[in-house]
Amino acid sequence: MTPERLWMCSIALRRRGCRWAAKRVKQLNSFLYHNSLAAGGDISSDVYLGHHGLGTVIHDNVTIGRRVRIWQNVTLSVRAPAGSPHRIIIEDDVMIGANAVVITPHEKSLRIGRGARVGAGAVVTRDVPAGATVVGVPAYVVR
């Protein structure tokens, strides 16, 4: 079973109120693929985790659209408690390169627009416009 399927299973179990089972599936995913994919996320069924999502860390308050590709060692972090209205929203057809970090400002939300590309190793702390390519630390638009 792929890490994406285990993640979706964990989310589905949590939504049905089976928190204990959801936590166990999350732990199995972490053990097999060395990642931390929160069961509170809202993800599309066709999300792709490159290299089995090795080292990937994703917070509860993340919404991921269709055909999103996330490579290894990516961190998506919301600086607010799980369940708060502050989120990272990743729209459709986004690619996030290896070792990228997306972190919201304290108790704020962040959006990565449709078709955007986040370069490997980039640190994103602000919204990314649709179709833009961002690179660097801190991330800036190059295209």
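**View 1. Surroundings of V68 in the predicted model.** Leaving aside neighbours within four places in sequence, V68 is in contact with D46, V47, Y48, I90, E91, D93 and V94. This is a predicted model. V68 belongs to the loop between β5 (62-64) and β6. With a relative accessible area of 0%, V68 is buried. V101 lies 33 residues from V68 in sequence, and the C-alpha atoms of the two residues are 15 Å apart in space.

View 2. Six strands, in the order β3-β6-β9-β12-β14-β15, make up an open sheet with mixed pairing. The edges are formed by β3 (48-49) and β15 (140-141); each has a single partner strand, so one side of each is left without a neighbour in the sheet. Strands of a sheet pair through backbone hydrogen bonds, in either the parallel or the antiparallel sense.

**View 3. Pairing of β6 with β9.** Strand β6 (residues 69-70) runs parallel to strand β9 (residues 95-96), and two bridges join the pair. Within this pairing, I70 stands opposite I96 in β9.

**View 4. The aromatic pair Y48 and W71.** One aromatic pair is present in the structure. The ring centres of Y48 and W71 are 5.6 Å apart and the ring planes meet at 75°, so the pair is classed as edge-to-face. The two residues come from distant parts of the chain, 23 residues apart: Y48 is in strand β3, whereas W71 is in the loop between β6 and β7 (75-77). Y48 has 34% relative accessibility and therefore counts as partly exposed. W71 also counts as partly exposed, at 21% relative accessibility.

**View 5. Helix α2 and its buried side.** Helix α2 (residues 19-33) has 15 residues, which at 1.5 Å a residue should span 21 Å; the C-alpha atoms at its ends are 21 Å apart, in agreement with that value. The buried residues of α2 are A22, V25, N29 and Y33. These residues cover an arc of only 65° around the axis, and therefore lie on the same side of α2. An α-helix has 3.6 residues a turn, so residues three or four places apart point the same way. The packing partners of the buried residues of α2 are α1 (3-15) and β1 (36-37).

**View 6. The opposite face of α2 and the residue that follows the helix.** W20 and F31 are exposed residues on the face of α2 turned away from its buried side. Just after α2, H34 adopts a positive phi of about 55°.

**View 7. The cysteines C9 and C18.** A disulfide is a covalent bond between the sulfur atoms of two cysteines. A search of the whole structure finds zero disulfides. C9 takes part in none, and its nearest cysteine sulfur, that of C18, is 9.9 Å away. For C18, the closest cysteine sulfur is likewise that of C9, and the separation of 9.9 Å is too far for a bond; the cut-off applied to a pair of sulfur atoms is within 2.5 Å. C9 counts as partly exposed, at 33% relative accessibility. C18 is partly exposed as well, with a relative accessible area of 34%.

Conventions
Residues numbered from 1 in each chain as written. Predicted model: local features only at pLDDT ≥ 70, side-chain atom pairs only at ≥ 80, totals over all residues. Heavy atoms only, no water. Pairing = 2+ DSSP bridges. Helix = DSSP H or I, 4+ residues; strand = E, 2+ residues; numbered from the N terminus. Expected span 1.5 Å × (residues − 1). Buried < 20%, exposed > 50% of the residue type's maximum accessible area, 1.4 Å probe, protein only. Arc of directions from axis to C-beta. Contact = heavy atoms within 4.5 Å. Phe/Tyr/Trp six-rings, centres within 6.5 Å; stacked < 30°, edge-to-face > 60°.
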